[in-house]
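Please read the points below with the sequence and the model open beside you.

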Amino acid sequence: MPGKRVQLDEESWTALDLLARDRMMTFQELADEAFADVLKKHGRPVDLRAALRKSARAADAPAKHRAKDRRAAKP
C-alpha cells in the first residue's frame with residue numbers, strides 16, 4: 001500500500017485523534033473511512049470490484065436503451 005504524508009494543524013490533529021480514540025479506531029482506519037466517503041460522494045469506485053461493476057453497468061446501459069427504442073418503434 002502506498003504511503004503519503006499529510007500535514008494537519010494541531011487543533012485538527014487533536015480533534016481527529018480524540019475521535020479515533022472515542023470510536024476505538026486507529027487514525028488509519030479513520031482516514032480510510034473518510035476517504036471512502038469522499039469517493040462515494042463523488043461517484044468514484046472505492047475498490048476494484050466496485051469499479052468493475054460500474055464499468056459493466058455503463059457498458060450495458062446503451063444496449064438496454066437501444067432495445068427499448070426498437071420495441072417502442074414496432075406497431
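1. R44, R49, R53, K54 and R57 together form a positive surface patch. Patches are made of residues with over 30% relative accessible area and no salt bridge, like charges being joined within 9 Å. Lys and Arg count as positive, and the place of a charge is taken as CZ of Arg or NZ of Lys. Accessible areas come from the Shrake-Rupley method with a 1.4 Å probe.

2. One member of this patch, R53, is found in helix α3 (residues 48-73). Helices are DSSP runs of H or I with at least four residues, numbered from the N terminus. R53 counts as partly exposed because its relative accessibility is 46%; buried means under 20% relative accessible area, exposed over 50%, and partly exposed in between.

3. The model is a predicted one, in which local features need pLDDT of at least 70 and side-chain atom pairs count only at pLDDT 80 or more, whereas totals for chains, interfaces and linings use all residues. Residues are numbered from 1 along each chain as its sequence is written, and side-chain values use heavy atoms, with hydrogens and water left out.

4. How many salt bridges does a search of the whole structure find? The search finds two, a salt bridge being a side-chain nitrogen of Lys or Arg within 4 Å of a carboxyl oxygen of Asp or Glu. In general, side chains of opposite charge can pair when their charged atoms come close.

5. R21 is exposed, at 61% relative accessibility, whereas D17 is partly exposed, at 22%.

6. A salt bridge also connects the side chains of R23 and E33, at 3.2 Å from N to O. Because R23 lies in the loop between α1 and α2 (27-41) and E33 in helix α2, the pair ties together parts that are ten residues apart in sequence. R23 is partly exposed at 42%, and E33 is partly exposed at 32%.

7. The count of aromatic pairs comes to one. Ring centres of Phe, Tyr and Trp (its six-membered ring) must lie within 6.5 Å; planes under 30 degrees apart count as stacked, over 60 as edge-to-face and the rest as tilted. The rings of W13 and F27 have centres 4.9 Å apart and planes at 55 degrees, so this pair is tilted. The pair links distant parts of the chain, with W13 in helix α1 and F27 in helix α2, 14 residues apart.

Key. Buried < 20%, exposed > 50% of the residue type's maximum accessible area, 1.4 Å probe, protein only. Helix = DSSP H or I, 4+ residues; strand = E, 2+ residues; numbered from the N terminus. Patch = residues over 30% accessible without salt bridge, like charges linked within 9 Å, V, L, I, M, F, W, Y side chains within 5 Å.
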